[in-house]
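I opened this entry to look up surface, helices, pocket and charged pairs in one model. My notes follow the order in which I looked.

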Amino acid sequence: MNKLLRNKRKLCRVLLALAVIMMFAAVFAMPAMAEEASAPESAESAGSALGLKALAAGIAVGVAAAGGAVGMGLATAKSTESISRQPEAEGKIRTTLMLGLVFIETAIIYALLVVILIIFVL
């Protein structure tokens with residue numbers, strides 16, 4: 001059982017790393033696409049650069065939401081397990097859980113702000 005859990009975690013890390021690499025590749029490809037779009041005959045390039053921005057934004061929000069959802073699920077599961085083991089510490093566990101969930105949600109909101117900057121500024 002423990003080995004299965006480690007394999008799942010390893011797979012999640014690999015998939016997350018792959019998604020981040022794809023996002024960075026799309027973001028770093030945008031300046032080259034923008035230079036091509038500056039030429040008057042390359043109207044198709046402008047559409048392609050816009051498509052890359054949309055792809056980068058979608059991947060960034062997807063990775064942030066997926067990571068946040070996994071983190072929140074694990075935190076909730078562990079806090080429920082802790083409360084069931086030690087019911088007298090319910091108040092402290094719940095307070096710590098809520099603080100952790102707020103920090104996770106803040107990270108997701110920061111990712112959303114980065115995506116908005118990618119779409120409207122770059």
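Val-61 lies in helix H2 (residues 43–85), and Val-61 is partly exposed at a relative accessible area of 35%.

**Basis of the entry.** This is a predicted model, in which local features need pLDDT of at least 70 and side-chain atom pairs count only at pLDDT 80 or more, while totals for chains, interfaces and linings use all residues. Residues are numbered from 1 along each chain as its sequence is written, and side-chain values use heavy atoms, with hydrogens and water left out.

I noted three helices and zero strands, in the pattern α-α-α along the sequence. Helices (H or I, at least four residues) and strands (E, at least two) are DSSP runs numbered from the N terminus. Buried residues make up 20% of the 122 residues; buried means under 20% relative accessible area, exposed over 50%, and partly exposed in between (1.4 Å probe, protein chains only).

**Helix H3.** I checked the span of H3. Its 31 residues reach 45 Å from first C-alpha to last, close to the 45 Å expected at 1.5 Å a residue. The expected span is 1.5 Å times one less than the number of residues. In H3, Ile-93, Leu-97, Leu-101, Ile-108, Ala-111, Val-115 and Ile-118 are buried. Ala-111 has a relative accessible area of 17%. Ala-111 and Ala-57 are 54 residues apart in sequence and 9.4 Å apart in space, C-alpha to C-alpha.

**Largest pocket.** I then looked for open space. The largest pocket holds about 480 Å³. Of the 13 residues that line this pocket, Cys-12, Arg-13, Leu-16, Gly-67 and Val-70 are the closest to its centre. Helix H1 (2–37) and H2 each supply at least two lining residues, and H1 gives the most, with seven. On a 1 Å grid over the protein atoms alone, a pocket is an open set of points where a 1.4 Å probe fits, with protein on both sides within 12 Å along at least five of seven lines; lining residues have an atom within 4 Å of a point. Grid points are joined across faces, edges and corners, and the volume is the space filled by probe spheres set on them.

**Salt bridges.** How many salt bridges does the structure hold? I found two, taking a side-chain nitrogen of Lys or Arg within 4 Å of a carboxyl oxygen of Asp or Glu. Arg-85 pairs with Glu-81, the closest N and O atoms being 3.1 Å apart. Arg-85 and Glu-81 are four residues apart in H2, so about one helical turn separates them. Arg-85 is exposed at 67% relative accessible area, whereas Glu-81 is partly exposed at 33%. The side chains of Glu-90 and Arg-94 meet at 2.3 Å, N to O. Glu-90 and Arg-94 are four residues apart in H3, again about one helical turn. Glu-90 is partly exposed at 31%, and Arg-94 is partly exposed at 44%.
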